[in-house]
Amino acid sequence: MIGYVCKYAPAKVLEVFDKDAVRIDPKIRTDTAESLVHPNMCSFMKAVLEEVLENNIDELVLTNCCDSMRRLYDVLKGKLQFLYMLDLPVKVNNTSNKIFYDEICSLISAYERYSGKEFDMDKFTELLKNHKEKSLPDAELIAVFGARLRPDVIDNIQKRSNIKVQNLTCTATDKYIKLKNLEDQDPILHYAKTLLNSFPCMRMAEERPEFLKDIKIKGIIYNTIKFCDFYSYEYAALKNLDVPTLKIETDYTDTDSGQIKTRVDAFLESLGSRRITGVNKEGKYFAGVDSGSTSTNIVILDNNKNIVSYSIVPTGAMAIDSAKKAYEIALKRAGLEKEDIANVVSTGYGRVGIPFADKQVTEITCHGKGAFYFDKDIRTIIDIGGQDSKVIRLDNEGNVVDFVMNDKCSAGTGKFLEVMARTLEVPIDEMAEVITDSGENIKITSMCTVFAESEVISLIAQNKDKKDIIHALNKAVASKGVVLLDRVGRKGKYMMTGGVAKNKGVVSEIENKIEDKIRIPTEPQIIGALGAAILALGD
Amino acid sequence: MKAIEIYCNFIKKNLDNPSFAKKLINLGIGVAEKYVSYFGDRKVLASHRYLNEICMKYMRESLYNPERSAWVNIFTPTEIFHAMGVFPLFIEAYSSFMSGFFIEDVLIDKAEAAGISNTLCSFHKAFIGAGEYGILQKPKMAVTTSIICDANLNTFRYLAKKYDIPFYIIDVPSKSSENAVEYVKDQLVEIIQMSEDVFSQKFDIDKLGEIVKIENKTNEYRRKYLSYLSTKVCHSIMSFEMFMLFTSHVFMGRPETLKYYQKLLQDIKNAPERSKKGIFFIHLVPMWEPSFQQYFNLGENYDILGSDLNYDFIGKIDTSDPLKGIAEKLIGTTYNGDFAKISSHITKIIDIVKPDGIIQFCHWGCKQSIGTANLYKNILKEKGIPFLIVDGDIMDKRNNQEGQINTRLEAFLEILESR
């Protein structure tokens, strides 16, 4: 079996030699790659490396499309029976067409020498003529752009959307190349030109936006791969367009994780394109359950949108048990029975596993609803919870129009502060005080929880004042929050939700940085659950 | 020291007022140039003092004369610009200077807030951040190359659009052939046409010939300097090794650069014999890292023998057809190709220099370099030269854990001492 990776690889040429020529779409992740290459290499490259070694793929054609692929070639050299690196020009003109043509011819000669098989030009011409040419759909769609995504992930997004989801990521666009009209005498030259002229990926010098003009796009899901930096530039440029855009960052093999689902669902909800299968029941009361990583919160509303009761319980090892417990407490406080509740909407990371919920909505939409309930002037919500943080932009009707979330690590979240409180041996409440008297101006340089912890340990060893260290930590969390905020853009009025909103030190540091006031609801942890309850009511 | 800190903080506080921040940055560089030319550090060699001075001058020229300047990357064939009297500003140097002003953190945050990936090389992020703040002077054009890393094309394309300036990318094939040379040469001709247009000036091919001759003469001095390194050493400062990237790349062909290598050759001839352990660096030198500074600056404990990036091309360019010669140089550059090509050249340099140990500082986001770390490990093991891989960030000081880096470095130095 000959493997290849890139859409610019001459797949039809490889098919002439081997009908099983296949584009490698890695699914496995072990630790093998990191014993062979530096861990900060592109995740996709590492996944391909593992796939090739684990599955004993011994024939591979690579293109020198990026730094990581060049190094993949170097690492695999001598480990496979046939390995070829195709030199791919960055530009498209007559000379580069010729260079690419020569490269494909050299590849053919190299494979002929290695396999003893002769290249069958007739078979190749036949393959080109029989190429099934596809066209892009005419209807309005959600476009998935950016770095490659696995087809099953696209299928999964499609299942959640009520309009067409079109995969237009880097490798998916090869379906639309036109190969049938052999303009040139030499089919290989024709093929080389066609490949080089296909919709350019970000490593090419050609402009890409032209491609967008022919498509009716309702929203863009923009995928970037960790340590593959090509596509963030386009995202940075695209996000200023009028088209709603969601950025997701994956390490290729984890593209179906809960975190990605939450973002995609919230985005589809904000576009009004999420397929929802919920049932409305008759009744007087409505409940929202927010199953978060640190706490499980429940709000019960009556049919006039008045809060009847709420509960907050710590999320234990079993999210379902915590939800049941929180539900019982909230019902008891309201003097209600389960039968009195007409509809329950769950949200938060654990939303899928709540047995008594009628439907699930992401915490992004729910926070939007909840914040708007309290104050119709809120345009930006800064939500810093136990393990993630997000910034949500609302329009003047309370609809989510944009949002960003932190990476998957806990930098700048409640967990970060909890770990630091433990290291400093102070109660978490002490971390939450506003520190105004300026002692020593300490800077915590690392935002990684693990590294920052060792930094704090060294500060303790240097006998630094604990107050100054706490001040520095609060400033660090505030900085991280403001960077996130700036990705959405600053726009008042602000509300802060999530557990960290109770930390007055962090809040005041954010206020200093943005030079604006932030509204903190009396109980910032229940905003998500409140939004869920509002949705349960059918708002 | 305190005055510099106050000045740097003042720049940081004024980033939202870009025209004022630009003036502060320019003034800072202008004053630094005057300072080093009149009161250069007497502890360092005359050649290094001169290097410091001309690097400040090269920076000042482009920043003070944006209407005569062009953004370039470190591999852009700037010989063309020198022949036209155009001042190149190379983005890696600009970012390093901003790190020198201690404002790289806010520039990097600004780029990330704009949506740029946090895993991108911090030299590029800082430059983009400066663009987002609007503190970059608008040059007349931007030229980059497809070598040696991915970020070049996209950083330049992104900022050229933002600043609305003409932009050119030189595509350098990784395999050499007649077609490849022709392809690159054609692109050089296009750049010349574009520059003639942009700067309203006729290009003089004879002037380019002179520049290339200076470059060849400079490389002669560099080869001679290298040959002394196995026995002698000029005690240096890590920042000077980084400053050398000005003279080994972007400002190659300038008479000042030639003069610097003449002085350097003179200094090494008069230098003492090597008596301490000498270290050669792969890729970049962590100039801001306190643990490295403590051991390496001015040869206090160990000597820096150089870094490979300063010796990727020390050959001769064909003067009969300078454009073809430059095209061949670009294609032949050590890092343009696979690791076999890189290692064959670098091991030759290592064999000349004969270091006691080699350190690769794996700079955050630089996939082309960090991807070679394990491969170097294998070949250096065979050669019996101790090799240390340290992860960190040359630019963004927040990405470095001093304690961790120190432990690794000291353990490595203990290994060297025990040999």
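Between domain 2 of chain A and domain 3 of chain A there are 3 residue pairs in polar contact, both residues at pLDDT 80 or more; a polar contact is a pair of N or O atoms within 3.5 Å, where within protein one must be able to donate a hydrogen and the other to accept it, and residues adjacent in sequence count only if both atoms are side-chain atoms. The model is predicted, with local features needing pLDDT of at least 70 and side-chain atom pairs pLDDT 80 or more, while totals for chains, interfaces and linings use all residues. Residues are numbered from 1 along each chain as its sequence is written, chains are lettered from A and ligands numbered from 1 in the order in which they are written, and side-chain values use heavy atoms, without hydrogens and water.

**Domain 2 and domain 3 of chain A**
- The interface of these domains holds 1 salt bridge, a side-chain nitrogen of Lys or Arg within 4 Å of a carboxyl oxygen of Asp or Glu.
- A:Asp265 and A:Arg351 form a salt bridge, at 3.8 Å from N to O.
- In contact (heavy atoms within 4.5 Å) are 17 residues of domain 2 of chain A and 15 residues of domain 3 of chain A.

**Chain A and chain B**
- The contact draws 59 residues from chain A and 55 residues from chain B.
- The two chains are joined by 5 salt bridges, and A:Arg70 pairs with B:Asp150 in a salt bridge whose closest N and O atoms are 3.2 Å apart.
- Across this interface, 34 residue pairs are in polar contact, both at pLDDT 80 or more.
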